[in-house]
Amino acid sequence: MKFKRRPATALVAMANSLSMGDAVPEDELSQIIGAVVSGRAERAALLAALRASNDPDCGLAVADLLIAFATEAAGAEAQARDADQVIGQWAQRLAAGALLASFGAAIAGTVTGGLAFGLTLLSFSGFIFATASRIGGRGKMRRRAQDRESADSLARHVLEAGKLKQDGK
């Protein structure tokens, strides 16, 4: 997504807007937070923008947004993990059942030649589909876990930076 300004400064501006009671689009806020937590340069730019901010409570608002983002990411991660487990179990059962049925039909002579080969390939396609969907799901889970951990870590850094700013260091 192309931003009018850096995602880090956009996040600070949105946090200031929220603290003044202005409405901020949730989907844009999530995209901006996602861009900030996924890049090292943006995390550093966020800390610099907070340090330059005139509002002493801006860091608290940003930390709250980051913690909320991490909580949502944890929920999405748990849902994806549950879905992956269910899909994996059912796909294994389906693939194993289809494979046994195709071997049984071929051994019994009910289905022979190209039809038996096609039935065997069909059972393997279920297994391949299940494996591919689980690999894709695990990639999403890994990315969500990284975003959650990064948002948690960044929220801690933001709070620490706010304490340093208040102490005048």
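Start your tour by selecting Gly21, which follows helix α1 and has a positive phi, near 90°. Before you go on, note that you are looking at a predicted model, where local features need pLDDT of at least 70, side-chain atom pairs count only at pLDDT 80 or more, and totals for chains, interfaces and linings use all residues. Residues are numbered from 1 along each chain as its sequence is written, and side-chain values use heavy atoms, with hydrogens and water left out.

**The whole chain**

Zoom out and colour by secondary structure. The protein has five helices and zero strands, so-called runs from DSSP (helices are H or I with at least four residues, strands are E with at least two, numbered from the N terminus). Read from the N terminus, the order of elements is α-α-α-α-α. Of the 169 residues, 31% count as buried; here buried means under 20% relative accessible area, exposed means over 50%, and partly exposed lies in between (1.4 Å probe, protein chains only).

**Helix α1**

Now select α1, residues 7-19. This helix has 13 residues and reaches 18 Å from its first C-alpha to its last, close to the 18 Å expected at 1.5 Å a residue. That expected span is 1.5 Å times one less than the number of residues in the helix. Show the side chains of Pro7, Ala8, Ala10, Leu11, Val12, Met14, Ala15 and Asn16, which are buried in α1.

Click on Leu11, a residue of α1. Leu11 is buried because its relative accessible area is 0%.

With a relative accessible area of 35%, Leu18 is partly exposed.

**The salt bridge**

How many salt bridges does a search of the whole structure find? The search finds one, where a salt bridge is a side-chain nitrogen of Lys or Arg within 4 Å of a carboxyl oxygen of Asp or Glu. Select Arg6 and Glu42 to see the pair, whose closest N and O atoms are 2.9 Å apart. The pair links distant parts of the chain, with Arg6 in the segment before α1 and Glu42 in helix α3 (residues 40-52), 36 residues apart. Arg6 counts as partly exposed because its relative accessibility is 41%, while Glu42, at 13%, counts as buried.

**Helix α2 and the negative patch**

Move on to α2, residues 26-38. This helix has 13 residues and spans 18 Å from first C-alpha to last, close to the 18 Å expected. Its buried residues are Leu29, Ile32, Ile33, Gly34, Val36 and Val37.

Next, switch to a surface view and pick Glu26, Asp27, Glu28 and Glu72, which gather in a patch of negative charge. Patches are made of residues with over 30% relative accessible area and no salt bridge, with like charges joined within 9 Å and nonpolar side chains (Val, Leu, Ile, Met, Phe, Trp, Tyr) within 5 Å. Helix α2 gives the largest share of this patch, three residues, and Glu72 sits in helix α4 (residues 58-108).

Gly59 is buried, with a relative accessible area of 15%. From its C-alpha to that of Ala49 is 9.6 Å in space, across 10 residues in sequence.

For the last stop, select Lys140, Arg142, Arg143 and Arg144, which form a positive surface patch. Arg143 belongs to helix α5 (residues 114-167) and is partly exposed, with a relative accessible area of 47%.

Notes:
Areas by Shrake-Rupley, 256 points an atom, 1.4 Å probe, with all protein chains shown as cover. Lys, Arg positive; Asp, Glu negative; His and termini not counted. Charge placed at Lys NZ, Arg CZ, Asp CG, Glu CD.
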